[in-house]
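Here's a quick tour for anyone new to reading protein structures. Have the model open and follow along, one topic at a time.

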Amino acid sequence: KQWYQRRVRDLRVLSERDGDQIIYWRVAYPWPMSHRDYIFRRSSRLIEEPDRWCSIGRSDNSESVDLVKSVVRVEQYEQTIAFQRNESGNGTKVFMYYFDNPGGSLPSWLVNWAAKTGVPQFMTTLKKACEKYA
């Protein structure tokens, strides 16, 4: 939650229809990257059984939001996250698919760092955050 509060500059629901939300999200990326913003559709559904839940986010340009100076608009974004109660009933399995084309030019050392260190750190942080809700 602390990381989230430090990085998110703007987060708002632009519209809602048929249970989906169109969301605007502006994020402060760490140096040396420019900040990014996203416009995406989020759908959340219970699937098959009451103990399974899925949230899907995809880039969406149905709402117009002015570009912010020095912020890069992310045009390609996809995320699917699914939660399922584990077999014992006292925990949750989390499955996540994420794709984000951040645009712009990224130095190869940063791409290598993200693949080797950044993503694993994010997953560890996500796991710890989920454990706090158990």
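Let's start with Arg41, which counts as partly exposed at 23% relative accessibility. Keep in mind that this is a predicted model.

**Arg41 and its partners**

- The side chain of Arg41 meets that of Asp60 in a salt bridge, 3.1 Å from N to O.
- Arg41 sits in strand S3 and Asp60 in the loop between S4 and S5, so this pair ties together parts that are 19 residues apart in sequence.
- Asp60 is buried, with a relative accessible area of 14%.

**Other salt bridges**

- How many salt bridges does a search of the whole structure find? It finds eight.
- One of them joins Asp10 and Arg26, whose closest N and O atoms are 4.0 Å apart. Asp10 is in strand S1 and Arg26 in strand S2, so the pair ties together parts 16 residues apart in sequence.
- Is Asp10 buried or exposed? At 18% relative accessibility, Asp10 counts as buried, while Arg26, at 21%, counts as partly exposed.
- As background, side chains of opposite charge can pair when their charged atoms come close.

**The nonpolar core**

- Which residues make up the largest nonpolar core? There are eleven in all: Val8, Ile23, Trp25, Val27, Tyr29, Met33, Tyr38, Phe40, Val74, Tyr77 and Leu110.
- Strands S2 (20-27) and S3 (35-46) are the elements that give two or more residues to this core, and S2 supplies the largest share, with three.
- Zoom in on Val27: leaving out residues up to four places away in sequence, Val27 touches Arg7, His35, Arg36 and Tyr38.
- In general, nonpolar side chains tend to be buried together in soluble globular proteins.

- Thr80 belongs to strand S6 (residues 76-85).
- Setting aside neighbours within four places in sequence, Thr80 is in contact with Cys54, Ser55, Ile56, Arg58, Phe95, Met96 and Tyr97.
- Thr80 and Ser43 are 37 residues apart in sequence, yet their C-alpha atoms are 9.6 Å apart in space.

**A kinked helix**

- Helix H2 (residues 108-132) has 25 residues and reaches 35 Å from its first C-alpha to its last, close to the expected 36 Å.
- Where is the kink in H2 centred? Look at Ala114, where H2 has a kink of about 50°.

- Most residues other than glycine have a negative phi.
- Asp18 isn't a glycine, but has a positive phi of about 55°. You'll find Asp18 in the loop between S1 (8-17) and S2, exposed at 75% relative accessible area.
- Ser70 also has a positive phi, near 65°. Ser70 lies in the loop between S4 (52-59) and S5 (71-74), and is exposed at 60%.

Definitions and conventions:
Residues are numbered from 1 along each chain as its sequence is written. This is a predicted model: local features need pLDDT of at least 70, side-chain atom pairs count only at pLDDT 80 or more; totals for chains, interfaces and linings use all residues. Side-chain values use heavy atoms; hydrogens and water are left out. Helices (H or I, at least four residues) and strands (E, at least two) are DSSP runs, numbered from the N terminus. The expected span of a helix is 1.5 Å times one less than its number of residues. The bend at a residue is the angle between axes fitted to the seven residues ending there and the seven starting there. A nonpolar core is a set of buried Ala, Val, Leu, Ile, Met, Phe, Trp, Tyr and Cys residues joined through side-chain atoms within 4.5 Å. Buried means under 20% relative accessible area, exposed over 50%, partly exposed in between (1.4 Å probe, protein chains only). Contact means heavy atoms within 4.5 Å.
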